[in-house]
Amino acid sequence: MIINSWLLFLISLMLLSSTLMIMQSHITSLIKLLILQNIILACYILTKALHHPELALWISFAITTFIKVIVLPVLLWKLTRFLKLSGRIEPIVNKATLLIIATVMILFGLLLGHKTAVIIPHALLSGFSLGLANAFVAVILIIFRRKAVSQVIGLLVLENSIFIIAATLSTGFPWLIELGMSFDILMGFMIFTLFLIRIRQQYGSFQMSHIEKLRERV
Amino acid sequence: MNNIGLLLLPSILAIIVLPWIANRKGAAYLSALLATLGFVIAAYFSYRMYHNSQPLFFAYHWLIYDKLSAFFILLNAFIGMTTSYYAISYLLNEDITHLHPLIYRFYHTGYHLFILSMLVVLLSNNIGIMWIAMELATISSVVLVGLYQTPQALEAAWKYLILCGVGIGFALLGTVILYFGASTQHLGSEGLLWTNLIKITPLIPPKLLAISFVFLFVGYGTKVGFVPLHNWLPDAHAEGPAPISALLSGLLLNVALFALLRFKWMLSDTSIHYLPSILLITFGFIGVLFAALSLFRQRQLKRLFAYSSIEHLGLISIAFGIGSPLALFAGLLHVLMHSLSKTAAFFMCGNVMQTTHTQTISKIRGLFQQTPLTAILLLISILAIMGLPPSGLFVSELLLILATLKFNLWLLIPLVLGLVLAFLAILLKCQPLFFSNTTQTPLPLQTRSNRYWPAALHLLLVILAGIFVPAFLIAPVVHTVAGVL
């Protein structure tokens, strides 16, 4: 029982951090929150592994810790230093509206989760719904930001939500698959970084308006 | 134990060897040679598969090789081969300053990584592996789309990466939910295997399956280019190098649709078997009509063909959605013909761009006067894409109309409307390219070898298929799939 409450607490913390991310105006705080979220994810899997001691979960914990808690934060931090990312991000709409949209999306996630109440065991339902809500918040983070970096972070939050849903619903994927997924995400991140550096060299900033030229013209 | 793992060998070899070869020409020829080896192996295995009734498994049942995958793999390997030959001349004719030698090496590695990842999607029996391979295909093709590193190319690659990243994220969510559904049947990690899932889906709650399929549809549908998730597609096609645009349009979109077809097949015995059909037909029609109207607004040659791909993929998904043997036959024939003719069109676009240094339609005039051979091949490919006889696309579109007629008479109206509009739009846009007079002189080229024959071969096959329909390739697949869909 306590374990379940603790897991629910962790997953709520994750949603809270995503919501906080929506409200941030500095890229560095966005990155700090993402690192925090990765640590929460690792804690979640660790708790599960301690509760159901299975090899698959321990391997999953090891992969998550290595890639999401060690490699990604180091890379992100180096990237911020290299690109001197300290600027503010201007969202497309103001923060209050953004928060309302986020709330609506969270409600939508919760409702969608509760639609499955008959199918998913009661103990998992809240975790599943919160995970879904987190995924939707990540989509908002991607859509309503004007900087390329925050879009990447939004994608990473989306991946986090899916990992946490996977960990909630089952004991995670077989480890080889999980390794493949993490590797893909890491590779995707590297490519993102390369592109970010090129975009910076081309335009001198990450403002999305620079890279919104390919539009349909009537 | 069987040796279908050999199918992956040429690409793996290419990925390991090609980055070390500094000689540009040598690397391009070796890449083509390995792609040819890949095609020979694929042809051999496809021949065996077509005479074999049982699917083959590999690597703990994680990979499957059945008639459906044999058909797609044969097509992929063939186009992979011809594209790599075309790329030899294309890359040599590019400006030296345009392509840094290091980028050149990236091209070949990225190219074979892209081919390999698509091959793994087609072979995968494990839906987790399928997702991983699809993500890998996205990542490798993003690098190729952004190869020129011009502002436009960077923007196109960025849009592609973000949109498909979100899409593929949703596909993963769908996979997770499906895996959870399978875990209710106590299968453990075996629950990711498609062959097991197809047996147990009738036991999984339909609501769960429906949610999972919707997520999978959104995810893989982004890669197919279903409207409104198509935004990345025209940009990525227009800004990448011509061989890559050809691969994206001719292969990647098919592969994503193949994944959806597998999931549709999986749900065929459940109480929600109608859901994939409804989604495929609805989004197919939206795609056809939207693309047909958008074609009128296009000003650039490759964007025009990209929108035409959205239209054709819409037609194919309508066929797969209807799911009758006739519709499936039409759909698979359309996959084959569209891939061959569209890649030929993109090859010729590359030629046109290299001789005129523009892809703006209004600036390209008098192609027959400037480059007669390119003009003839481009004209034939455009006529084929418009679905004129004797091209194979005429046959497949006719069969699709017949299948739709049998399925629902009313659906014929939007279908014919879409086809006619697309026909008119392409005719209107492309007609001035060829016959007007021009004072422009074509820019000099480094090499002319391998510049025409890949497209000519594709078009020859398309015309031959219009006269002698390749039923021997398609009927066995339809036989396997139609029994269950």
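These legends describe close-up views of a predicted model.

**View 1. The contact between chain B and chain A.** Chain B contributes 50 residues to this contact, and chain A contributes 49 residues. Between them the two chains bury about 4400 Å², of which 77% is on carbon and sulfur atoms. On the chain B side, the residues that lose the most area to chain A are B:Glu155, B:Trp158 and B:Phe180, which together make up 17% of what that side buries.

**View 2. Polar and charged pairs between chain B and chain A.** The number of salt bridges between chain B and chain A is zero. One residue pair is in polar contact between chain B and chain A, with both residues at pLDDT 80 or more.

**View 3. The side of chain B that touches chain A.** Five elements of chain B give two or more residues each to this side: helix H5 (127-145), helix H6 (151-183), helix H8 (206-224), helix H9 (232-239) and helix H12 (301-322). H6(B) supplies the largest share, 21 residues. By type, the residues on this side of chain B are 30 nonpolar, eleven polar and nine charged.

View 4. A:Phe189 lies in helix H7 of chain A, which covers residues 175-203. A:Phe189 counts as buried because its relative accessible area is 3%, and the cut-off for buried is under 20%. Leaving aside residues up to four places away in sequence, A:Phe189 touches A:Leu72, A:Leu75, A:Leu76, A:Val152 and A:Leu156.

Notes: Residues are numbered from 1 along each chain as its sequence is written. Chains are lettered from A and ligands numbered from 1 in the order in which they are written. This is a predicted model: local features need pLDDT of at least 70, side-chain atom pairs count only at pLDDT 80 or more; totals for chains, interfaces and linings use all residues. Side-chain values use heavy atoms; hydrogens and water are left out. Contact means heavy atoms within 4.5 Å. Buried area is the accessible area (1.4 Å probe) that two parts lose on being put together, summed over both. A salt bridge is a side-chain nitrogen of Lys or Arg within 4 Å of a carboxyl oxygen of Asp or Glu. A polar contact is a pair of N or O atoms within 3.5 Å; within protein, one must be able to donate a hydrogen and the other to accept it, and residues adjacent in sequence count only if both atoms are side-chain atoms. Helices (H or I, at least four residues) and strands (E, at least two) are DSSP runs, numbered from the N terminus. Ala, Val, Leu, Ile, Met, Phe, Trp, Tyr, Cys and Pro count as nonpolar, Asp, Glu, Lys and Arg as charged, and the others, Gly among them, as polar. Buried means under 20% relative accessible area, exposed over 50%, partly exposed in between (1.4 Å probe, protein chains only).
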